[in-house]
Amino acid sequence: MSRRSAPFVAPDYIDDPASKDGKKHAKVLLSTLQEDIANFRNEQFPPDILRQIRDMPIYEGNLAEVQTYQQRWQNLLERAKDFYPAANMPPDYLPLPASLEIPQFIYHVQRLHLTKTRAKESKSFGSVGALTDKCGQYTDDEIERMTAVLDNDEEARLVAHREFIDLRAYVFCRDNKGEMLEPERVRFYRTGLIVHALPDFKIVDSRQTPRKRRNDAYNNPLADNGVWKIYRKK
């Protein structure tokens, strides 16, 4: 099964996190965390103690090697969980958002099945200016439509979608009794994937034929510059 990411929650150490100033403070702290992650990633990724799988940003090692590498990320992982406290916690075990670009760590992996699938990149915005900075220019009519959505509802946000061919992995793990679990479908290309490989670890590579993407819940974009389609976020 696939996993959506854990939801954002303003840290409890922020004064009045529901207020406008509290939300602004939370965004500043999250931006600082993202910068720290990017700097650390430049130094520590790819891992120097693990082995790369094919040409993918996937790296495997034994239990001690993977635990050692995860420990390097531990401070950033703990800071990230201040904003996403449900990450990797029961009952859903949702991952951190891929936008943080923290590698995903999965243990007791018996088999990986690599696939390509048609997918979309998604970005969320609270202002038209921030959107055009990231997604490029739009016509005056499109700018007017997007601005009207935000002006008429202070809770509204815009979401940008860009279609692309995505790489995914079906990860087959064993439980403590050695029994094979249902596979997890993991999007890994942006974050990287770190796996603790069990004896007789196997890789199945089915990237030659992309799978069809499921129908999109968003239709009739407010704007489309040929790369990014813009919608009111649901």
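Predicted model: local features only at pLDDT ≥ 70, side-chain atom pairs only at ≥ 80, totals over all residues.

User: Start with the inside. How many residues does the largest nonpolar core have?

Analyst: It has 23 residues. Those with the most contacts inside it are Trp73, Tyr84, Leu96, Leu100, Ile102 and Ile194.

User: And which helix gives the most to this core?

Analyst: That is α2, with seven residues. Helices α1 (20-44) and α2 (63-83) each supply at least two residues of the core.

User: What does tryptophan 73 touch, not counting residues up to four places away in sequence?

Analyst: Its list is Ile37, Phe40, Arg41, Glu101, Ile102, Pro103 and Phe105.

User: Ile37 is on that list. Where is isoleucine 37 placed, and is it buried or exposed?

Analyst: Isoleucine 37 sits in helix α1. Its relative accessibility is 0%, so it counts as buried, the cut-off being under 20%.

User: What is isoleucine 37 in contact with, leaving aside neighbours within four places in sequence?

Analyst: Trp73, Leu76, Leu100, Glu101 and Ile102. Take leucine 76: it is 39 residues from isoleucine 37 in sequence, yet the two C-alpha atoms are 6.9 Å apart in space.

User: New topic. How long is helix α4, end to end?

Analyst: Helix α4 covers residues 140-152. Its end C-alpha atoms are 18 Å apart. At 1.5 Å a residue, its 13 residues should span 18 Å, so the two agree.

User: Which residues of α4 are buried?

Analyst: Glu142, Met146, Val149 and Leu150. Seen down the axis of α4, these buried residues fall within an arc of 95°, so they line one face of the helix.

User: What is on the face of α4 turned away from the buried side?

Analyst: The exposed residues there are Asp140, Asp141, Glu144, Asp151 and Asn152.

User: And what covers the buried residues of α4?

Analyst: The cover includes helix α3 (128-135) and the strands β4 (158-173), β7 (223-224) and β8 (229-232).

User: You mentioned β4. What about arginine 168, is it buried or exposed?

Analyst: Arginine 168 is in strand β4. With a relative accessible area of 13%, it is under the 20% cut-off and so counts as buried. Its contacts beyond four places in sequence include His113, Leu114, Arg185 and Phe188.

User: Now the hairpin. How do β1 and β2 run?

Analyst: They run antiparallel, and two bridges join them. Strand β1 is residues 51-52, and β2 is residues 58-61. Arginine 51 has glutamate 60 as its bridge partner in β2.

User: What lies between the strands?

Analyst: Five residues. Arginine 54, in this hairpin, takes a positive phi near 50°.

User: Are the faces of β2 covered or open?

Analyst: Both are covered. Ile58 and Glu60 are buried on one side, and Tyr59 and Gly61 are buried on the other. In a regular strand, side chains alternate between the two faces of the sheet.

Definitions and conventions:
Residues numbered from 1 in each chain as written. Heavy atoms only, no water. Buried < 20%, exposed > 50% of the residue type's maximum accessible area, 1.4 Å probe, protein only. Helix = DSSP H or I, 4+ residues; strand = E, 2+ residues; numbered from the N terminus. Pairing = 2+ DSSP bridges. Core = buried A, V, L, I, M, F, W, Y, C linked by side-chain atoms within 4.5 Å. Contact = heavy atoms within 4.5 Å. Expected span 1.5 Å × (residues − 1). Arc of directions from axis to C-beta.
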